[in-house]
Amino acid sequence: MSNINYIFFEEFKNLEKLCNDMFQSHNGVTNYIDEMQTASHGIYCSIPSWESDLNQLKRLRHIRNHMAHEAGAFEDNLCTHSDVAWIQDFYERILNQSDPLALLHQNLQARRNIVKYRKKTIPRPEETQKVFVALLFTVLIFIVILFVLFLSLQ
């Protein structure tokens with residue numbers, strides 16, 4: 001019997017509780033995984049750890065479920081010290097808002113801010129069209145004035 005299995009199980013429970021609070025549910029880690037799986041590649045591709053974190057969460061959730069639902073599972077060597085360390089690190093990343101979903105949210109917010117800025121600074125096509133019409137009208141008036149002056153000089 002390995003003590004690391006018990007440590008792993010407790011650390012996973014801590015992560016589960018944190019995710020439960022985040023998602024206001026009873027399946028927090030599963031909700032976290034589901035959120036990651038529903039994000040489109042174009043949005044999360046700028047987050048380097050996305051795929052590895054998702055795969056690790058799924059793998060560790062599978063180990064936890066095996067421990068929780070299989071008789072005698074704690075007798076097997078199912079996890080390692082690095083698995084425990086990863087769960088602890090991921091827990092801290094969530095608290096520090098450096099986990100994949102937090103980074104995704106930050107990226108989306110930055111994109112929204114860029115769009116808002118562009119809307120304020122880049123003229124819309126209809127505004128550009130109005131400016132063009134006003135400029136064209138001004139040029140036509142100038143041409144008419146020149147034409148009238150030219151005729152009056154003759």
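**Close-up views of a predicted model**

**View 1. Lys-13 and Glu-10 within helix H1.** Lys-13 and Glu-10 both belong to helix H1 (residues 3-23), where they sit 3 residues apart, about one turn of the helix. Helices here are DSSP runs (H or I, at least four residues), numbered from the N terminus. The two side chains meet in a salt bridge with an N to O distance of 3.0 Å. A salt bridge is counted when a side-chain nitrogen of Lys or Arg is within 4 Å of a carboxyl oxygen of Asp or Glu. By this rule the count comes to 4 salt bridges. Lys-13 is partly exposed, its relative accessible area being 34%, and Glu-10 is partly exposed at 40%. The classes are buried (under 20% relative accessible area), exposed (over 50%) and partly exposed (in between), with a 1.4 Å probe and protein chains only. The model is predicted, and local features need pLDDT of at least 70, side-chain atom pairs count only at pLDDT 80 or more, and totals for chains, interfaces and linings use all residues. Residues are numbered from 1 along each chain as its sequence is written, and side-chain values use heavy atoms, with hydrogens and water left out.

**View 2. The salt-bridge network of Asp-53, Asp-89 and Arg-93.** Salt bridges link Asp-53, Asp-89 and Arg-93 in a network. Between Asp-53 and Arg-93, the closest N and O atoms are 2.3 Å apart. This pair links distant parts of the chain, with Asp-53 in helix H4 (residues 50-69) and Arg-93 in helix H5 (residues 81-95), 40 residues apart. Asp-89 also forms a salt bridge with Arg-93, with the closest N and O atoms 3.6 Å apart. Both Asp-89 and Arg-93 lie in helix H5, 4 residues apart, about one turn of the helix. Asp-53 and Arg-93 are buried; for Arg-93 the relative accessibility is 14%. Asp-89 counts as partly exposed, at 38%.

**View 3. A nonpolar surface patch and Leu-140.** Phe-132, Val-133, Leu-135, Leu-136, Val-139, Leu-140 and Ile-143 make a nonpolar surface patch of about 660 Å². Patch residues have over 30% relative accessible area and no salt bridge; nonpolar side chains (Val, Leu, Ile, Met, Phe, Trp, Tyr) are joined within 5 Å, and like charges within 9 Å. Areas come from the Shrake-Rupley method with a 1.4 Å probe. Leu-140 lies in helix H7 and is partly exposed at 48% relative accessibility.

**View 4. Val-131 in helix H7.** Val-131 is placed in helix H7 (residues 125-153). Val-131 is exposed, with a relative accessible area of 57%. Its C-alpha atom is separated by 70 Å from that of Met-67, 64 residues apart along the chain.

Definitions and conventions. Helix = DSSP H or I, 4+ residues; strand = E, 2+ residues; numbered from the N terminus.
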